[in-house]
Amino acid sequence: MPLSLFNTLGREVQEFKSIKQGEVGFYACGPTVYNYAHIGNLRAYVTHDILARVLRRRGFALTHVMNITDVGHLTGDSDEGDDKMVKSAEERGKSVLEVAEFYTKAFFSDTERLNIARPDIVCKATEHISDMIALIKRLEEKGFTYQAGGNLYFDIAKFPNYAELARLKLDALQAGARIEVDGNKRNPEDFVLWFTKSKFANQALVWESPWGRGYPGWHIECAAMSIKYLGEQFDIHAGGIDHIQIHHSNEIAEAEAATGVHPWVRCWVHNEFLVLGAKGKMSKSAGGFITLQNLIDEGFDALDYRYFLLGGHYRTQLQFSLESLTGARNARKSLATLLRNLAAAAAAASGSASGTSSLASDKVRAVPSEGAGGAAAVHLAAFDAALDDDINVPRALASLWGVLKDAALPPADALATAFSMDEVLGLRLREEAAKAGSRNEDAALCAEVEALIAERAAAKKQKDFAKADSIRAALKERGILLEDTPRGTVWTAPRAAVPQ
Ligand code: AMP
Ligand code: ZN
C-alpha cells in the first residue's frame with residue numbers, strides 16, 4: 001500500500017509521490033521565538049516529527065528543514081499589530097537577540113523532552129536576510145511589487161492563483177468581511193515584503209536593502225529559506241491550519257511569482273488545533289497558555305503529553321484536559337508493565353542471567369526474527385498500513401497494544417516488534433522497558449502489588465473467586481487498577497500511589 005497524505009491543495013487524500021525518486025524535501029514552519037511554545041504549538045511539531053519518521057521508515061532520504069522566526073512576525077498575520085519580538089523584548093527589558101536566544105533554547109529543550117527529532121536543517125531568519133532580499137528583487141523585476149508608505153508590498157492582483165490554497169472568495173472578502181488597517185494596500189490581501197520607516201520606529205534589527213533600511217515581512221522568510229535549502233520545487237510543506245489562509249497563501253504567491261514554478265510545493269500538510277475546553281484555541285499572543293513545563297510541574301512526564309497527542313489524528317481537533325492527560329499517563333504505565341513482563345519472559349526463555357535490563361537495551365534486534373514471521377509480520381503490516389493511510393497514528397498505536405497483548409507472539413519478538421513501531425511513535429519504549437526492569441524508587445510498591453497479583457492468580461486457579469475479588473477491590477481502594485490481558489495481569493496506579 002502506498003503512502004497517502006491529505007493534501008490541502010486538492011482537499012483530498014492523495015498518493016504521495018516524491019519529485020525525485022527516493023528523496024523527500026520537507027519544510028515545516030518553525031516557532032516565532034518571543035515566548036515559550038505552548039502545548040498547542042508543540043502539537044504541530046509532534047505532527048511534523050511523526051511525518052518525518054514515517055517518511056524515513058518508508059526509506060526516503062529525507063531533508064527536513066525548519067525555520068526559526070526571530071524577526072518580522074507581527075501579532076496580526078496580515079501586517080497589523082505589533083512586532084512580536086520587539087514587544088517581548090521591551091516587556092522583558094532585554095534585547096531582541098537575547099529574547100530570541102533564550103526562547104530558541106527553551107524550544108529545543110521542549111522538543112527534546114518530547115523526543116522530537118531535530119530537523120536536518122534549522123535556519124534562523126536573521127541569518128538569511130540576503131536570500132530574502134534576492135527573492136524580493138526577483139519579484140520586483142517581474143512586476144509583482146509596489147512601494148507605498150515606505151513599505152514594499154506584494155500585489156496579489158498580479159498573481160491570479162492567489163486564492164488556490166485557501167480557496168478564498170476574494171470578492172466576498174473585499175466586500176468588507178475583513179477589517180483593513182493598512183491604508184497603503186491596494187488590495188486587502190496584499191502583504192508586506194519589506195518594511196521600512198512606515199512601522200515601528202523602535203525596530204531593533206534593521207538591514208540595508210534596495211528599498212531602504214528595514215526588515216523583511218514574515219512570509220518571505222519561509223519562502224526564501226525553503227527555496228534555498230530545498231530548491232524551487234519541493235515535496236511537502238507543513239504547518240497548523242491557521243496558516244492556510246494568510247501565511248501559506250502568501251508564501252506560495254511569493255515563491256511561484258518569483259520562480260514561475262507551479263506548484264511550488266506538491267503536498268501541503270496542515271494539523272488541526274489543540275483546544276482547551278470552552279476557551280477554544282490556545283494562543284501565545286492572548287496569554288494564559290499552557291507550556292510543557294507547566295505539565296511537568298504538575299507531575300507529568302513530557303512523554304505523557306506525546307502519548308496524549310498520539311491518541312488523536314492530526315487532522316482532528318484535540319481537546320486538552322488534565323483528565324485526558326492522566327489517562328495517557330496511566331496508559332504509559334500499563335505499557336511499561338507489559339514491556340517489563342515481556343522482557344522478563346524473554347530473559348527467562350533465553351536463560352539470560354542478566355535480567356530484563358539487557359533485553360531492553362539496544363542489543364535487542366530492531367525487527368522480529370524471520371521465524372516468528374507470521375504473527376509479528378501481521379501486526380507490523382497493520383501498523384504500517386495505518387501510517388500509510390494519512391498517518392493514522394491512533395490506529396498505529398492500537399497495533400502496538402495488539403503486539404504487547406498478543407500471547408501468540410514469543411516475548412522477544414513482541415519486544416522487537418514494539419521497538420520497531422517505536423521508531424515512528426517515539427515513546428522511548430526501550431528506555432521504558434529498561435526502566436521498568438530496574439525501577440528503584442517504587443520497587444517496594446511494585447513488589448507488593450506483584451505479590452498480591454500472584455496471590456490473586458493463585459486464588460483464581462483454586463476457584464476462590466471471593467478472595468481474588470477482594471484483592472482486586474483492596475487494590476482499587478488504593479487507586480491501583482488491574483487489567484487481565486492474555487499476557488497476564490497489568491496494573492496502573494495514580495501518581496499519588498507511586499513515588500516519583
Ligand atoms: P507560531 O509560533 O505561532 O508561528 O506557531 C507555531 C506552529 O504552531 C504553527 O504551525 C501554528 O500553526 C501551530 N499552532 C498554533 N496554535 C496551535 C494550536 N492551538 N494547536 C495546534 N497547532 C497550533
Ligand atoms: Zn512559514
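**Salt bridges, a helix pair and backbone exceptions**

Glu-208 is exposed, at 53% relative accessibility. The cut-off for that class is over 50%, so Glu-208 passes it. This is a predicted model. Glu-208 has a salt-bridge partner, Arg-213, and the closest N and O atoms of the two are 2.8 Å apart. What class does Arg-213 fall in, buried or exposed? Arg-213 is exposed as well, because its relative accessibility is 51%. The bridge between Arg-213 and Glu-208 thus has an exposed residue at its Arg end and an exposed residue at its Glu end.

How many salt bridges does the structure hold? The count is 26. Two further examples follow.

Take Arg-332 and Asp-304. Their closest N and O atoms are 2.7 Å apart, and they form a salt bridge. Arg-332 sits in helix α10, residues 322-350, while Asp-304 sits in helix α9, residues 302-310. The two residues are 28 residues apart, so this pair links distant parts of the chain.

Now move to Asp-484 and Arg-472. Their side chains meet in a salt bridge, at 3.3 Å from N to O. Asp-484 belongs to strand β15, residues 481-485, and Arg-472 to helix α17, residues 465-477. The pair therefore ties together parts that are twelve residues apart in sequence. Asp-484 is partly exposed, with a relative accessible area of 38%. Arg-472 is also partly exposed, at 30%. Shared partners matter elsewhere: salt bridges join Asp-301, Asp-304, Arg-332 and Glu-432 into one network.

Helix α10 holds another arginine, Arg-340. Its relative accessible area is 9%, so Arg-340 counts as buried. The side chains of Arg-340 and Glu-450 are joined by a polar contact of 2.5 Å.

Next comes helix packing. Two packed helices are described by the angle between their axes and the distance between the axes. For helix α2 (residues 84-92) and helix α3 (residues 96-113), the angle is about 95° and the axes are 8 Å apart. That angle falls within 65 to 115 degrees, which means α2 is roughly perpendicular to α3. Which residues make the contact? From α2 come Met-85, Val-86, Ser-88, Ala-89 and Arg-92. From α3 come Val-96, Val-99, Ala-100 and Tyr-103. By class, the contact has seven nonpolar residues, one polar and one charged.

The backbone has some exceptions to check. Most residues other than glycine have a negative phi, and most peptide bonds are trans. Arg-11 has a positive phi, near 55°. Arg-11 lies in the loop between β1 (4-7) and β2 (12-15). With a relative accessible area of 30%, Arg-11 counts as partly exposed. Asn-115 also has a positive phi, near 60°. Where is Asn-115 found? Asn-115 lies in the loop between α3 and β5 (121-124). At 16% relative accessibility, Asn-115 is buried.

The bond from His-262 to Pro-263 is cis, with omega near -5°. Pro-263 is placed in the loop between α7 (244-259) and β11 (265-271).

How values were computed. Residues are numbered from 1 along each chain as its sequence is written. Chains are lettered from A and ligands numbered from 1 in the order in which they are written. This is a predicted model: local features need pLDDT of at least 70, side-chain atom pairs count only at pLDDT 80 or more; totals for chains, interfaces and linings use all residues. Side-chain values use heavy atoms; hydrogens and water are left out. Axes are lines fitted to C-alpha atoms, for helices over the stretch in contact, and angles run from 0 to 180 degrees between N-to-C directions. Helices (H or I, at least four residues) and strands (E, at least two) are DSSP runs, numbered from the N terminus. Angles under 35 degrees count as roughly parallel, over 145 as roughly antiparallel, 65 to 115 as roughly perpendicular and the rest as oblique. Contact means heavy atoms within 4.5 Å. Ala, Val, Leu, Ile, Met, Phe, Trp, Tyr, Cys and Pro count as nonpolar, Asp, Glu, Lys and Arg as charged, and the others, Gly among them, as polar. A salt bridge is a side-chain nitrogen of Lys or Arg within 4 Å of a carboxyl oxygen of Asp or Glu. Buried means under 20% relative accessible area, exposed over 50%, partly exposed in between (1.4 Å probe, protein chains only). A polar contact is a pair of N or O atoms within 3.5 Å; within protein, one must be able to donate a hydrogen and the other to accept it, and residues adjacent in sequence count only if both atoms are side-chain atoms.
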